[in-house]
Every structure is written in structure tokens, then in C-alpha cells.
Amino acid sequence: MPSDAPTDVPTDARAVPEPLEARHVLEFPGGYTRSTGPVIGRFLTELRDRRIVGVRTAAERVLVPPLEYDPATGESVTGEYVEVGPAGTVETWAWVSAPRPGHPLDRPFAWATIRLDGADTSLVHVVDAGGSRAMRPGLRVRPRWRTETSGHITDIECFVPEATMITAPVRAEYRVRPGRALTRFLEGIRDGVFVGGYCAGCDQVYVPYRISCPACGSVIEEEREVADTGTVETFAINNLPDPRAPEVPFVSAYILLDGADIPMIALVGGIPAHEVRQGMRVRAVWVPPEERTMSMTNIRWFAPTGEPDADLSAGRPGGGD
Ligand SMILES: [Zn+2]
């Protein structure tokens, strides 16, 4: 990246700006290949339908690509997905004048960080600008989709400069989202209860609370408090430090709260990481009431209850799959 000047260059040699150097920021194809959790999985699934989504954090920021945790606070994201872009603005770039085999384009291009409209973070992708002179901070670009999409980051072949300046308020349709659902959920968290939304049509309880049913699309009017106990559905052992996690390694898990029909992401603690397992019964460990705020940090983590493991193959209560 342009700001990463080599540290072994003498100070005087760095006084003159060097041409930007091409570096592998991301290797195509095969870049982004990792075991995708549900969050990245959702991102990739949406790409197949030529939509780009981010995930909203508790602090109302939109992360693109979505992450399971807010890198700024370490808090779990809300699970609320937001369509962004598809157009965006170039922030920084590295020009590749001599593409190599394995590069996404066979002609000169830029690796760029692009802030999509409606997003609060930037993603790295390819800009096919024709020439390096076309690149500038603030350049408006939009994706060029492949004819065939497969749920992969390369479903976007590259970004290309917008032919004309767009002055319409592209973000307007996303700004009408009232945020009522998240507020209601966090009010519950402040009071030590999990508030879900109940869709009568589908007989499903969604936690965190949301304003529309992801299955049938109807507006959710009814609240349901659910237990602070649940079952670990899937989990990941993380070996990178996280500001919210007490130690490394730590475990993040999808926990299906009793009475809910979709799982929520949370930390698991009070047990060695290697002993966490699918089906393990857990209960939220709340911080003392006087320390609580309207945030997910009220839940220190989920700890084992000591109950026998649940049988996940029996299916979810409440009529889920
Ligand atoms: Zn429904």
C-alpha cells in the first residue's frame, strides 16, 4: 500500500516521493479463500445475486466486507445486513503497470481501497481505469459484474470509473431505516434481557430483534423476551487478540438462545477453548447492573451451564429447519 514505505530506506532517500509500488494486496483467484463463517458467507451469497452487503455494528457503522466483530470495539456485529453501493469512491491505490500471471486483469490496473456508498469501511478491489492518470482520490467507480456469478469476491470482475458524475443521493433509501429494532434490543440488554421480534406469520422469534421478518418480509410488531440460556451451534477458536476478548485463544460462537429461532454471535468463556463443543449448553454472564450500558459489552460472555449437551440433530425448537 502506498503508505507502507520500506523501513530500511535511509531517511534522506524518503524525502522525494517515490512512484507507487505495485504489491500483492490480494491474490486472485483463490484470494479470500478461507473457511467462511455465516457473516462472510452471507456477503458472498449476496454477491452471487449482484448485491454488495455490509453488516451494521452496534455503533451504527456499516462494515464492508462484513466482519463478525467490530474491529473498533470488539463487539459482535448486530447481524443486520445493509445493501451498499454498488458505486463508491476511490481512497488510495497502487498502480500495477505490468500485470503478472494470476493478476485479475491482463492490462495495467490499480489495486484500490474503495469506500462504497453507505459503507463506513473500505474494501480492496481492482479498478480498470485505462491508465494511471485516470486514478485520483475521490474517483467515482462502480462494479463491473461477471456474466456468471458464483458467490465469490471475483463475481465483481473489477470496478470502473463512472461515466458521469452522480449527484443523486444514492444513500437515501438506506437512511430511512429507523434503527428502532436495534435500540429496542439494546434497551433489553441494558436491563439484562434478550428482546426478540416475533413473526406471527412464520411463528419465528428473531434475536436480536429486527423490524422485518427475513423469511416473509412482513413488519414485526411483536416483541418476545427470550432466555439468557442457549446452545452452541457452531463456534470458532480465535488466535488473534480482540479488544473485547479476555485472552487468546478465545472462542466466538453462534448461540441459539432458548426461545429464539436464529442464533446470535457471542463469546464463550469460563471454559478452556479446546473444550467448547457444538451442542454445549451455555448461559450469559452479565456484568453487574451498575456497570451496564446500552451495549453488548453488558454480556461478558456465555459460560457453560453444566447441563447435558443438546442434541443438535433433533432440529430447532419452534419449527425451524
Ligand atoms: Zn415471517
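Some ground rules. The model is predicted, so local features need pLDDT of at least 70, side-chain atom pairs count only at pLDDT 80 or more, and totals for chains, interfaces and linings use all residues. Residues are numbered from 1 along each chain as its sequence is written, and side-chain values use heavy atoms, with hydrogens and water left out.

Let me start with the sheets. Helices (H or I, at least four residues) and strands (E, at least two) are DSSP runs, numbered from the N terminus. Two strands pair if DSSP finds at least two bridges between them.

Take β1 and β2: they pair in the antiparallel sense over 2 bridges. V55 stands opposite L63 in β2. For angles, axes are lines fitted to C-alpha atoms, for helices over the stretch in contact, and the range is 0 to 180 degrees between N-to-C directions.

Another open sheet also has 3 strands, in the order β10-β9-β11, and its pairing is antiparallel. Which strands sit at the edges? They are β10, residues 204–206, and β11, residues 222–226, and each pairs on one side only. From one strand to the next, the twist averages 40 degrees. β9 covers residues 194–199 and runs antiparallel to β11, with 5 bridges joining them. F194 has V226 in β11 as its bridge partner.

Now the charges. Side chains of opposite charge can pair when their charged atoms come close. A salt bridge, for this talk, is a side-chain nitrogen of Lys or Arg within 4 Å of a carboxyl oxygen of Asp or Glu. How many salt bridges does the structure hold? There are 19.

I will pick out a few. First, R56 and E80: their side chains meet in a salt bridge at 3.5 Å, N to O. R56 lies in strand β1, residues 52–56, and E80 in the loop between β2 (62–63) and β3 (81–84), so the pair ties together parts 24 residues apart in sequence. Are the two ends buried or exposed? R56 is buried, with a relative accessible area of 6%. E80 is partly exposed, at 21%. The cut-offs: buried is under 20% relative accessible area, exposed is over 50%, and partly exposed is in between, using a 1.4 Å probe and protein chains only.

Next, D117 and R140. Their side chains meet in a salt bridge at 2.8 Å, N to O. This pair also links distant parts of the chain, with D117 in the loop between β5 (109–116) and β6 (123–127), and R140 in strand β7 (residues 140–145), 23 residues apart. D117 counts as buried at 13% relative accessibility. R140 counts as buried at 13% too.

Then a local pair. E187 forms a salt bridge with R184, with the closest N and O atoms 3.1 Å apart. Both are in helix α3, residues 180–190, and being 3 residues apart they are separated by about one helical turn. E187 is partly exposed at 26%. R184 is partly exposed at 25%.

Salt bridges link D106, R107, D128, R144 and E157.

Last topic: backbone geometry. Most residues other than glycine have a negative phi, and most peptide bonds are trans. Where are the exceptions I want to show?

Start with cis bonds. The peptide bond from V64 to P65 is cis, with omega near -5 degrees. P65 is in the loop between β2 and β3. The bond from G85 to P86 is cis as well, with omega near 5 degrees. P86 is in the loop between β3 and β4, the latter being residues 88–96.

Now positive phi. R50 is a residue other than glycine with phi near 60 degrees. R50 lies in the loop between α1 (38–48) and β1, and is partly exposed at 37%. E60, also not glycine, has phi near 70 degrees. E60 is in the loop between β1 and β2, and counts as partly exposed at 38%.
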